[in-house]
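Please read the points below with the sequence and the model open beside them.

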Amino acid sequence: MRKMLDRLLNRSLFSESAAALLLRLVGTASGFFFSLVVARFLSPEDAGLFFLALSVVTLLATVGLFGLNQSVLRFVGMFFVEKRWQTINSVVKLAALRAAGGLVILSLALFSAAPWVATSLFGKGELAAVLRCLAPAVVFIGLTSLVAHQLQAIRRTLHSILVLSIALPLGVGLSVLIIQPASVLTFAVLYSLAGLFTLCMAVILWRMQRPSVKIGHFDPHKLWASCIPIGIMILVEESARWSGQLIAGALVSADDFAHLAVAQRVANLMRIILIAVNLVLAPRIASLYSQNKLDELRRMSLSATRMMVLCALPVLVLLAAFSGWIMGWFGEGYRQGAVLLVILMAGQFVAVMSGSVTYLLTMSGHERDMRNVVLLSCPMAIGSALILTLYYGVVGAALATSLAVVIQSLLAAFMVKRRLGFNTLAIWQRR
């Protein structure tokens, strides 16, 4: 019976993950296309300014949610198993109101403080106008992420990937090809407009999926109790994750930053395997843990990690072997970023090898453990980013970014072993 259950579980996980991976590949192709359009239509200096401003906006959008997307994923995933739609609607409403308030405040703050951010933090006065044009996107990106996690929680994985990874970069890229803007400011305006369109699409898809519009009761304190430790964790985690790029934005030229930003986006090809599997795995982790099916949870997690490593290894070899050629697609000057691509890919591969450790902790009620992992790894990440960038420039920034990913992934794997009793790195285990 157990072997039959394992086969059915693995078959279902594989088929859903394969479908998610296929659409995620489309999303990655859309992101690749978007980066290619930016690099081809703008000078390296303007491309660097745009990517730097986009990094700031993306960071603020993630921080502004303060963990609500992860909490919504957990609670909606749990209630979906029991088809408690009125409770789900209550959770969604509470999260949407809180998220919208925080994101609007951050968007207005960025718009007002753009000149100070541009000159005092990054030493690039021309960045201010780009930041102001992209400031509305803080709200649109954040709320789209929230709705995408709601769709993920009710097993609408493909819809979630569509609004989270495909619509925005594809829409911006196609708009640029049609309009052919001549300035970085027009690029920024197009990006904000495409963000609004993507949010509207996400809301429509969500409304089409819910069978009930009635709102039940859900204790808001449970939502806050879950999202506060996650929010602190994400605040620190994103600071560590983006520290390499943001410190590089302040210490290196706009041209060098463009090389780093493009290399980071290409290296994310490695991460799509982890993301695709997580989209399928996360709601299952929440439901299996709530039903106390820990052995089934362990087998599913190890099967998923084995599958991810087998898929990621060929990608690592191919990207490393042809790194210079791939970076050359963005322009002849980008070829020198090949070493950055190899460094960043190495860190992403370690994250894939570690498995779905973040979701295993956050979807099983161990948000505080994940928060502690991030709190421990963040100072090391920021410190290494500052030191390595000062001494080795943009190469040091890439090293620091990969180091941050490796440290956090391994520490999280240790916490999964401690709390859930199995090692996600031990993919050779079958029982």
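Throughout this note, a residue is called buried when its relative accessible area is under 20%, exposed when that area is over 50%, and partly exposed in between, with a 1.4 Å probe and protein chains only. The model is a predicted one, in which local features need pLDDT of at least 70 and side-chain atom pairs count only at pLDDT 80 or more, while totals for chains, interfaces and linings use all residues. Residues are numbered from 1 along each chain as its sequence is written, and side-chain values use heavy atoms, with hydrogens and water left out.

1. Salt bridges in general. The structure holds 4 salt bridges, where a salt bridge is a side-chain nitrogen of Lys or Arg within 4 Å of a carboxyl oxygen of Asp or Glu. As background, side chains of opposite charge can pair when their charged atoms come close.

2. Asp295, Arg298 and Arg299 are linked in a network of salt bridges. Asp295 pairs with Arg298, their closest N and O atoms being 3.1 Å apart, and the side chain of Asp295 also meets that of Arg299 in a salt bridge, at 2.4 Å from N to O. Because Asp295 and Arg298 are 3 residues apart in helix H11 (residues 294-321), about one helical turn separates them; helices here are DSSP runs of H or I with at least four residues, numbered from the N terminus. Asp295 and Arg299, for their part, lie 4 residues apart in helix H11, which is likewise about one turn of the helix.

3. Which class of accessibility does Arg299 fall into? Arg299 is buried, because its relative accessible area is 9%. Arg298 is also buried, with a relative accessible area of 13%, whereas Asp295, at 30% relative accessibility, counts as partly exposed.

4. A further pair. The side chains of Glu332 and Arg335 meet in a salt bridge with an N to O distance of 2.9 Å. Glu332 is exposed, with a relative accessible area of 60%, while Arg335 is partly exposed at 35%.

5. Most residues other than glycine have a negative phi, and most peptide bonds are trans. Phe66 sits in the loop between helix H2 (44-65) and helix H3 (68-81), and Gln180 sits in the loop between helix H7 (157-179) and helix H8 (184-209). Phe66 is partly exposed, at 21% relative accessibility, whereas Gln180 is exposed, with a relative accessible area of 54%.

6. The surroundings of Phe66. What does Phe66 touch, not counting residues up to four places away in sequence? The residues touched by Phe66 are Arg98, Cys227, Ile228, Gly231 and Ile232, where contact means heavy atoms within 4.5 Å. The C-alpha atoms of Phe66 and Pro229 are separated by 9.0 Å, although these two residues are 163 residues apart along the chain.

7. A buried histidine. His149 is found in helix H6 (residues 137-153) and counts as buried because its relative accessibility is 6%. Leaving aside residues up to four places away in sequence, His149 touches Asn69, Gln70, Leu73 and Tyr359.

8. Cysteines. The structure holds 0 disulfides, a disulfide being a pair of cysteine sulfur atoms within 2.5 Å. For Cys200, which is in no disulfide, the nearest cysteine sulfur is that of Cys133, 20 Å away. Cys200 is partly exposed at 41% relative accessibility, whereas Cys378 is buried at 7%.

9. A nonpolar surface patch. Leu251, Leu386, Ile387, Leu390, Tyr391 and Tyr392 make a nonpolar surface patch of about 700 Å². The largest share of this patch, 5 residues, comes from helix H15 (residues 367-420), and Ile387 is placed in helix H15. Patches are made of residues with over 30% relative accessible area and no salt bridge, like charges being joined within 9 Å and nonpolar side chains (Val, Leu, Ile, Met, Phe, Trp, Tyr) within 5 Å. Accessible areas come from the Shrake-Rupley method with a 1.4 Å probe, and for residues only the protein chains shown count as cover.

Methods:
Helix = DSSP H or I, 4+ residues; strand = E, 2+ residues; numbered from the N terminus.
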